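Please find below a short note on the model under review. It takes up the overall architecture and then the charged side-chain pairs.

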Amino acid sequence: MGVRTDRLVAVLLMLQRREQVTAAEVARELEVSERTARRDLDALAMAGVPVYSTQGRGGGWRLVGGARTDLSGLTAGEARALFLVAGPASAATPAVKAALRKLVQALPEPFRAQAEAAASSLVMDPRRWGSSRVEHRPPRFLDDLQDAVIRGVQVRLGYVDSKGAETERTVHPLGIVAKGPAWYLVSHTETGRRTFRIDRVTSADPTGDPVHRPEDFDLAESWREIADEIDRKRTPLEVQAVCAPHAIGILRIGYGDRLEVGGTTTDGRIDVVIRGHDDHTLAGELAGLVEWLEVTGPPGVRDHLASIGNALVERYS
């Protein structure tokens, strides 16, 4: 069945690239008999593909609407966007890139040149200036877990948590998320929804039992909730401050989602809230911004800032 499916796809691509094909041409290109080629063409028609045959001299098989029919339904803009994923800017796996490059052959002629150009039109370097050149390889069990998500089967998962404790449990894989260089498995378990770092997975054995997937589950929405919860746990401390207007851009660059910008005060400065892990760490981060930022609370952070200031004066005065 797999061989024949590949062959039917190949026939469909031939039909899209050419105005007309004959059974003999299909047989020659796919290295099958003419009888097999005719059966494949008939199978496409029976499956609902808009293909028809004409008899007599010069006859053959054609797609309804001509060879430029785009069976994928893609617009020109969508085709260009799709093939950006196949280029060097993409973080897609080699298998995904290879599949997309093959798919370009199925596009109608007017789209194909621009789609191919899109694949080489952009380069992205995700590293910041001065950052490490270490390349992060995909974790060992990523492909196995992705396969389980796609097939909808439960997995017996071996796992080592952040404290080094080893566990084994059966999970219902619901989706996989890439967060920077880290990969996460979102799953349903006996205790509810759980998220596992895939680089901490020590074994992943499919059970063959079907996944119980909540009807209203949405991976993107679920991950937003998980990420918000993780951010709150990682940065539970909130610092209130006022900032010079021209320095707001610096804060946005430095703190990203940890920064909340409020309204303007009576003296023209801007209220901000900055989240951090603890008093000492956050005071150290904010000490270099004293020229533009005045911390108004909590008192613990102000006390640490005063200590840092005294230490600097004592050392450099």
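The points below proceed from the whole chain to individual salt bridges.

1. The model is predicted. Its protein chain comprises eleven helices and eleven strands. Of the 317 residues, 32% are buried.

2. Where contacts link residues at least 6 apart in sequence, 57% of them join residues at least 24 apart.

3. Ten salt bridges are found in the whole structure. One of them joins the side chains of Arg156 and Glu168, at 3.2 Å from N to O. Because Arg156 belongs to strand β3 (residues 153-160) and Glu168 to strand β4 (residues 166-179), this pair ties together parts twelve residues apart in sequence. Arg156 is partly exposed, at 32% relative accessibility, whereas Glu168 is exposed, at 51%.

4. A salt bridge also connects the side chains of Arg224 and Glu221, with an N to O distance of 2.7 Å. Both residues lie in helix α8 (residues 219-234) and are three residues apart, so about one helical turn separates them. Arg224 is partly exposed at 46% relative accessible area, and Glu221 is partly exposed at 34%.

5. The side chains of Arg269 and Glu294 form a salt bridge at 2.9 Å, N to O. This pair links distant parts of the chain, 25 residues apart: Arg269 sits in the loop between β9 (259-264) and β10 (270-276), and Glu294 in strand β11 (residues 293-297). Arg269 has a relative accessible area of 25% and is partly exposed; Glu294, at 36%, is partly exposed. Asp267 joins Arg269 and Glu294 in a network of salt bridges.

Key. Residues are numbered from 1 along each chain as its sequence is written. This is a predicted model: local features need pLDDT of at least 70, side-chain atom pairs count only at pLDDT 80 or more; totals for chains, interfaces and linings use all residues. Side-chain values use heavy atoms; hydrogens and water are left out. Helices (H or I, at least four residues) and strands (E, at least two) are DSSP runs, numbered from the N terminus. Buried means under 20% relative accessible area, exposed over 50%, partly exposed in between (1.4 Å probe, protein chains only). Contact means heavy atoms within 4.5 Å. A salt bridge is a side-chain nitrogen of Lys or Arg within 4 Å of a carboxyl oxygen of Asp or Glu.
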